[in-house]
Amino acid sequence: MTQGHSTRSVADHAALVDRLIRTALSRRGPDTVAVEDAHGRVAHTDLRALIDVPSFRNSQMDGYAVDAAAVAEVPVELDVTGVVAAGDDGGDAHVPGTARKIMTGAPVPRGADAVVPVEDTEAVGGRVRIGRSRRSGEYVREQGSDVRVGDVVVPAGTRLEARHVGAIVAVGHASVAVRPRLRVAVVATGAELVAPGTEPGPGCLYDSNGPTLAAAAIADGAEVTVRTRSTDSAEHFAAVLDDALTRADVVVTSGGVSMGDFEVVRDVLGPRGGTFGHVGMQPGGPQGWTDLDGTPVISFPGNPVSTLVSYLIFARPVLRDLAGLPALRPDDAILVDAVRSIPGKRQFLRGRRTPGGITTSGPGSHLVASLAAADVLVDLPEDTTEVPAGATVRVWPL
Ligand code: AMP
Ligand code: MG
């Protein structure tokens, strides 16, 4: 992809961005985090049980610990030799032909081999009447019946949800090795940009791309370590970039990559080995990438729709994968109205699901409000020129 002449396919550019970002993250070793902080992180290695779980035989019910032989014929009355609560040690060994009152989770006394749930019993003075017989092992949770020392509880690559956190704590871990989280720097460029909450002067507008890209990267599991803006001055952009490089694994820029007079990203990064050119898509045709000593700079065009579509197509899949998030899958959907598409370009239209099918909004890549109203991207292949109303198209969730 040279300065604007050749055109790359969306798939080729996506593969390139994928490789650059993956390689950048692979240079970092795993993090070790306390289990309290492990939620949402991705297991670096297989997490194995450090202890048997349960770690001791215990009761599955509130009831009476017995030997099954003593309750083979019912009803039967047995002497009650005491009470074992959760947190007690097992106490004295069980005497065959007696019962011990036991609570859920309490250790089953040595020699007892079944628990009769309290619902099938009746206290009679210091004795208990057992109304139902139980086989050996019933309502007894054996040591290691859930997992044994050394068994894999959570495989490497799993994103740790609440249930995984519970399991790794239960098997004895206090901390866990997790994949490093991708650190993303977002740099929006444009002399016209102002920060939210300030008064835009003549010719100026709010930087919406920066917050959009940051929100998208966070939603896709990355850590946004730099959010900044640069003017169209080469010195300013170079300084902002050099700072971003020290704090991020990947830098994402918006604006300054097309064919105007003040294309600061292209002007600064071109001489530093950057490649700028066209990808066969609309919106989002002008794209750039630079490998700055192993830190990739992925450069998107500045129109807000182009920026977000570029992010969704090129960055979202790899970010989600690195964060252990499931890949988003396209659906088939019916188009309400006919649409046209430019031959030779993969076209992404903003669409909205309605009961009658997908409606699409106009092509303008500056239309932020129509982007907010959309909930899908309609993906039209390169060779498509027209799609009639009622046709089936491929849509991606937004
Ligand atoms: P550029 O790609 O720099 O030529 O920008 C293309 C268009 O997108 C211009 O109309 C810019 O004003 C607009 N634009 C660029 N950056 C941003 C941004 N961060 N937020 C909102 N609009 C932007
Ligand atoms: Mg610009």
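Arg229 is partly exposed, with a relative accessible area of 30%, where partly exposed covers the range between buried, under 20% relative accessible area, and exposed, over 50%, as judged with a 1.4 Å probe on protein chains only. This arginine belongs to strand S17, which runs over residues 223-230; helices (H or I, at least four residues) and strands (E, at least two) are DSSP runs numbered from the N terminus. Setting aside neighbours within four places in sequence, Arg229 is in contact with Ala188, Leu193, Val194, Ala195, Pro196, Asp207, His236 and Val240, a contact being heavy atoms within 4.5 Å.

The model is predicted, so local features need pLDDT of at least 70 and side-chain atom pairs count only at pLDDT 80 or more, whereas totals for chains, interfaces and linings use all residues. Residues are numbered from 1 along each chain as its sequence is written, chains are lettered from A and ligands numbered from 1 in the order in which they are written, and side-chain values use heavy atoms, with hydrogens and water left out.

Turning to the chain as a whole, the protein has seven helices and 29 strands. Its radius of gyration is 31 Å, while a compact globule of 398 residues would have one near 21 Å; the radius is taken over C-alpha atoms, and the globule rule is 2.2 Å times the number of residues to the power 0.38. Along the principal axes, the C-alpha atoms fill a box of roughly 95 × 50 × 40 Å. Of the 398 residues, 46% are buried, and among the contacts between residues at least 6 apart in sequence, 70% join residues at least 24 apart.

In soluble globular proteins, nonpolar side chains tend to be buried together. The largest nonpolar core in this chain has 37 residues, and those with the most contacts inside this core are Tyr311 and Leu319; such a core is a set of buried Ala, Val, Leu, Ile, Met, Phe, Trp, Tyr and Cys residues joined through side-chain atoms within 4.5 Å. Two or more residues of this core come from each of helix H1 (10-26), strand S14 (183-189), helix H3 (209-219), strand S18 (250-254), strand S22 (295-300) and helix H6 (304-322). The largest share, 11 residues, is given by H6.

A cis peptide bond with omega of about -5° joins Val74 and Pro75, and Pro75 is found in the loop between strand S5 (63-66) and strand S6 (76-84). Another cis peptide bond joins Gln282 and Pro283, with omega of about 0°, and Pro283 is found in the loop between strand S20 (281-282) and strand S21 (286-292). Asp293, which lies in the loop between S21 and S22, has a positive phi of about 50° although it is not a glycine, and at 76% relative accessibility this aspartate counts as exposed. Tyr139 also has a positive phi, of about 60°, without being a glycine; this tyrosine lies in the loop between strand S10 (127-130) and strand S11 (140-141) and is partly exposed at 24% relative accessible area.

Two further strand residues complete the tour. Val376, in strand S27 (residues 376-380), counts as buried because its relative accessibility is 0%. Beyond residues up to four places away in sequence, Val376 touches Leu349, Arg350, Gly351, Arg352, Arg353, Ile358, Val395, Trp396 and Leu398.
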